[in-house]
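Have the sequence and the structure open side by side, and follow along.

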Amino acid sequence: MDLHLKDKIALITGGSRGIGRATALEFASEGCKIGICARGQEGLDRTLEEIRARGVEAFGTAADVARRNEADRFVNEAVEALGGIDILVNNVGGSSGRVFEESSDEDWERTFDLNLFHAVRSTRAALPHFRKRGGGSVVTIASISGWKPAPVGAQYGCTKAAEIFLSGALAWELASDNIRINTVSPGSLYFPGGGWERFKNETPEKFETFENREFPSRRLGTDQEVADVVVFLCSERANWINGANIPVDGAQGRPTAF
C-alpha cells in the first residue's frame with residue numbers, strides 16, 4: 001500500500017530510542033524528511049545516522065522538551081532546516097514519583113510537563129507552519145494507563161488521560177485548517193534498553209507472571225508495532241481518522257506488574 005508519504009516532513013520528539021526511534025525510521029523508510037530531538041547527544045547522533053542511511057534528509061538537536069521554550073525551539077529549528085512540517089509526533093513521556101501519598105507537587109508538575117504540556121507546546125509551535133502548507137497531522141503517544149488505572153503512578157495516568165482529551169478537543173478546533181489530531185495509546189512494550197527489559201532482567205519470575213496474566217497472546221508489544229500504526233495514521237490513507245484514540249496493546253489487561 002502506497003501511503004503517499006514520500007517527501008513529507010515529519011518531526012518526532014524523543015526520537016532516539018523506543019517508539020520515537022522506530023517511528024522516525026519507519027517514516028524515513030517511506031521517504032520522509034525527518035526531524036528528531038532527544039536529551040542525549042550520543043543516542044541522537046546514532047539515530048540520525050540510521051535515518052540518513054535510508055537516503056533521506058534528517059535534522060536533530062539535543063533538547064529537553066519538558067522545559068519551557070525547548071519544544072518551540074525544536075520545532076522552529078527543524079522547520080527552518082528541513083523547509084516545513086507536515087507531521088508531528090509528540091512522543092516524549094514519562095513519570096516522576098510513584099505512590100500517591102509520597103509523590104510531591106514537583107513530581108506531579110514534572111509528569112505533566114513530560115507528557116501533556118510538552119504535547120501542548122509542540123503542537124502549538126507547529127500550527128503556523130502547518131497552515132503555511134495547507135494542513136498537517138499530529139499524533140500524540142499516550143498510553144492505556146490513561147483509562148486503565150494501576151496501583152501506582154496516578155500522576156502518569158492522569159496526564160495520559162489529559163493527552164487523549166486534548167487530541168479530541170483539538171480535532172474539532174483545528175479541522176477547518178485541515179489539521180488532524182489523533183492519539184495512539186500503547187500498552188506495555190518490550191524493546192532493547194526499555195524499562196520492561198530491565199524489569200525482566202532484574203525480576204524474571206515477576207515478569208513472566210505479568211506476561212502470562214495480562215496478555216492474551218502471552219507477550220508484550222514492540223516499539224515497531226506502535227510505529228506502524230503511527231505512520232499509517234499520519235498518512236493520506238487515514239485521512240478520515242480524526243480525534244481518535246487508538247490502543248495498540250494486544251488486548252492487555254492492567255498496565256502494571258504489581
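## Helix 1, inside and out

Helix 1 has twelve residues, which at 1.5 Å a residue should span 16 Å, and its end C-alpha atoms sit 17 Å apart, so the two values agree. The expected span here is 1.5 Å times one less than the number of residues. Helices (H or I, at least four residues) and strands (E, at least two) are DSSP runs, numbered from the N terminus. This is a predicted model, in which local features need pLDDT of at least 70 and side-chain atom pairs count only at pLDDT 80 or more, while totals for chains, interfaces and linings use all residues. Residues are numbered from 1 along each chain as its sequence is written, and side-chain values use heavy atoms, with hydrogens and water left out.

Nine of the twelve residues of helix 1 are buried, so the helix is largely enclosed by the rest of the structure. Buried means under 20% relative accessible area, exposed means over 50%, and partly exposed is in between (1.4 Å probe, protein chains only). The buried set is Gly18, Ile19, Gly20, Ala22, Thr23, Ala24, Leu25, Phe27 and Ala28. Glu26 also belongs to helix 1. Leaving aside neighbours within four places in sequence, Glu26 is in contact with Gln224, Asp228 and Val231, where contact means heavy atoms within 4.5 Å. Just after helix 1 comes Gly31, with a positive phi of about 95°.

What is the strand order in the open sheet? Its seven strands run 3-2-1-4-5-6-7, with parallel pairing. Strand 3 (58-62) and strand 7 (245-248) stand at the edges with a single partner strand each, so one side of each has no neighbour in the sheet. From one strand to the next, the twist averages 15°. Angles run from 0 to 180 degrees between N-to-C directions, and axes are lines fitted to C-alpha atoms, for helices over the stretch in contact. Two strands count as paired if DSSP finds at least two bridges between them.

Now for the individual pairings. Strand 1 (residues 9-12) and strand 2 (residues 33-38) run parallel and are joined by four bridges, with Lys33 in strand 2 as the bridge partner of Ile9. Helix 1 (residues 18-29) packs on the sheet, touching strand 1, strand 2, strand 4 (87-90), strand 5 (136-141) and strand 6 (179-186), and its direction makes about 175° with that of strand 1. Helix 2 (residues 41-52) packs on the sheet too, touching strand 2 and strand 3, and its direction makes about 175° with that of strand 3.

## Strand 4 and its partners

Strand 4 is covered on both faces: Ile87 and Val89 on one side are buried, as are Leu88 and Asn90 on the other. In a regular strand the side chains alternate between the two faces of the sheet. Strand 4 pairs with strand 1 in the parallel sense over three bridges, and Leu88 is the partner of Leu11. Strand 4 is also joined to strand 5 by four bridges, again running parallel, and here Val138 is the bridge partner of Leu88. Strand 2 is mostly covered as well, with five of its six residues buried.

## A pocket

The second largest pocket has a volume of about 430 Å³. Which residues lie nearest its centre? Of the 20 lining residues, they are Gly136, Ser137, Asn178, Arg180 and Asn239. Strand 5 and strand 6 each supply at least two residues of the lining. On a 1 Å grid over the protein atoms alone, a pocket is an open set of points with protein on both sides within 12 Å along at least five of seven lines, and lining residues have an atom within 4 Å of a point. Grid points are joined across faces, edges and corners, and the volume is the space filled by probe spheres set on the points.

## Two positive phi angles

Most residues other than glycine have a negative phi. His4 has a positive phi of about 55° although it is not a glycine. His4 lies in the segment before strand 1 and is partly exposed, at 37% relative accessible area.

Arg218 has a positive phi too, of about 60°. Arg218 is in the loop between helix 7 (204-214) and helix 8 (223-233), and at 47% relative accessibility it counts as partly exposed.

How values were computed: On a 1 Å grid over the protein atoms alone, a cavity is a set of points where a 1.4 Å probe fits but cannot get out, and a pocket is an open set with protein on both sides within 12 Å along at least five of seven lines; lining residues have an atom within 4 Å of a point.
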